[in-house]
Amino acid sequence: MERVDLIIVGAGPSGLSAAIAAKEYGLRTVVFDENEKPGGQLFKQIHKFFGSKEHKAKIRGYKIGQELLKEAAELGVEVVLNSTVIGLYQDKEITVRIADEIRHYKGDTIIIATGASENMVMFDGWTLPGVIGAGAAQTMLNLHGILPGNRILMLGSGNVGLVVSYQLKQCGCDVVAVIDAAPKIGGYGVHASKIARTGIPFYLPYTIIKAEGTDHVTGVTIGKVDSTWNIVPGSEKHFDVDTICLAVGLSPMSQLLKMAGCTMEDTPKKGGQVPVINKYGETSVSGIFVCGDVSGIEEASSAMIEGKIAGIAAAYSLGYLSADVQCEETAKLENALSSLRQGMFAPGKRGTAIEFTEEGFPVSAHLLINGYLSEDEALCYPGVTKADGVHPMIECTQNIPCNPCQDACQNGCIKIGEKITSLPAVNGEQNCVGCGMCVAACPGQAIFLVNDDYEPGFASITIPYELLTLPQKGETGIGLGRHGEILCQAEVIEVRAAKVFDRTNLVTIKVPSQMSMKVRFYQKKEA
Amino acid sequence: MDCINERNTDIGTFQPESDDAIIVCRCEEITKGEIRKAVHDGMRTLTEVRRYLRAGMGLCQGQTCAKLVKNIVAKELKISPAKLEPATSRAPMRPTEMKILANETLEGVPKNE
């Protein structure tokens, strides 16, 4: 039986981060992962991440994955792929299935970073082919390059449901609707708005009554739910679809920890069965640590920090570093972690209704129900100002931990301040040069450049554009409103696709002046 | 967990519901009605339901249905799902063929060599 200092189960963002941290202190570390490639879910995250610089904000998930792998490889972290840890026994001994044999390993410390699995929900016809998890759809699209279907209904308006809906749209699928049984959209408002403006409608509170079809999904019937979870008679709607995606939450895959005898708790806020841990991620069994989604459902950014904390803690417990160094390093990481856990969507605030932002602005109810701001509401926020000439219009109205826009502007037009969750404010005193760096930097695609003085009677609007078939300069198409409604003719006057924008293309359109506060998207004319 | 000690709590008689025929555990093809009936037959823990019906004991080892079964049982018992202890976790965590399970490598040398 091979013995190592540290065994890590799972080579996702948290497991790899833990391995890197431990390896830096010299621990003999081995990482097992049952998949054929490392990186966990990071490589299917093609969107830009929220956060600040230290959290790798505005970098796309798969690039963060590439950086992690490179770092791990440079340090010589041993990652064993296609290896399934099937048991965790007393004295930190594990059994691993590798090829056609079962091998035993013993770790002086163990970090479990197994992540989470998708929840399912039952309805008539849910076992038909064509009903899939949203995560599965994302794997098919972004890892395997296969469309899960052509016409899709998304159940679930959390960030997974919203992000995957957008990615389906990017791949050319027709997303007929996003529905949720909750009365409010669960994910970030900016994620909802970027799909709403492409014309995808939200139905809340709605649920699936029936998936139709005999041997595969051919349609779906949804209905509105009342406060007692019954369908409101007459509210039924039918869509012809070939795929139904379920984005109804994740559950920690904590079975190995339960098997090892760790004290467990059932916490709905963390997604289900999780181990009871201390601030270093150590479970009730000395020497067994956890990090990432298996210790409570969160995001990849926080999982990576948790991984580092656990890796350092494992190193300390084996005497590879002093208590002082551990305290110092952990304190830094805890700071980074707590700044990510601020704002309206903080783990501690799940399920609470928030009516006002930290600054005291009313939270848009329209956004929470329909997925977009009404024009009147938009004008209330500090990022939306009227000014002469070109200026940014920031439709960012919820306190989320994210601030790349502030760093993007070289001229100081955008201010968030010390507190990372504060709403971005446009400083009218500074001169916007229309460079578009903020538009491309915003992971929520919530920044537009508006110039009301473009030409007499016409305004220009620069929008972030990440769909396929980039519009061409000179073409004329349709200006769409915040929920994809057709508003006016729009002429493309500039298309910018600089490398520094990282594939968020900037499309500038010319629209009639009275449309400058209404048009927020562009659609090509049907050929 | 509390309900283990409350086996005599009156949960009423089994009442058919319109969606009882829906399959919950896909691997073992166990329906919602069967799970609800099992509770009325006296299966008041998830471990008991598993042994009685084999729900969650198929290929995916309950990865898909464990939470669904838990919610159905909790609703039938009129308690919060958080009060139900999940079924025992034991190796192998993933479906593993017998010939591989038997092919253990100890001290770096496979047994069968």
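This report looks at aromatic rings and charges over rings in a predicted model.

## Aromatic pairs

Across all chains, seven aromatic pairs are counted. One of them joins A:Phe50 and A:Tyr188. The ring centres of A:Phe50 and A:Tyr188 are 4.8 Å apart, and the planes meet at 80 degrees. Planes over 60 degrees apart count as edge-to-face, so this pair is edge-to-face.

The pair links distant parts of the chain, 138 residues apart. A:Phe50 lies in the loop between strand 2 (29-32) and helix 2 (61-75) of chain A. A:Tyr188 lies in the loop between strand 10 (174-179) and helix 5 (189-196) of chain A.

A:Phe345 sits in the loop between helix 8 (323-340) and helix 9 (365-370) of chain A, so the pair ties together parts that are 157 residues apart in sequence. A:Phe50, A:Tyr188 and A:Phe345 form one aromatic cluster.

## Buried or exposed?

Buried means under 20% relative accessible area. A:Phe50 has 11%, so A:Phe50 counts as buried. A:Tyr188 is buried too, with 5%. A:Phe345 has 25% relative accessibility, so A:Phe345 counts as partly exposed.

## Charges over rings

The charged end of A:Lys194 sits over the ring of A:Tyr166, 4.5 Å from the ring centre. The charged end of A:Arg520 sits over the ring of A:Phe448, at 5.0 Å from the centre.

Notes. Residues are numbered from 1 along each chain as its sequence is written. Chains are lettered from A and ligands numbered from 1 in the order in which they are written. This is a predicted model: local features need pLDDT of at least 70, side-chain atom pairs count only at pLDDT 80 or more; totals for chains, interfaces and linings use all residues. Side-chain values use heavy atoms; hydrogens and water are left out. Rings of Phe, Tyr and Trp (its six-membered ring) pair if their centres lie within 6.5 Å; planes under 30 degrees apart count as stacked, over 60 as edge-to-face and the rest as tilted. Helices (H or I, at least four residues) and strands (E, at least two) are DSSP runs, numbered from the N terminus. Buried means under 20% relative accessible area, exposed over 50%, partly exposed in between (1.4 Å probe, protein chains only). A charge sits over a ring if NZ of Lys or CZ of Arg is within 6 Å of the ring centre and within 35 degrees of the ring normal.
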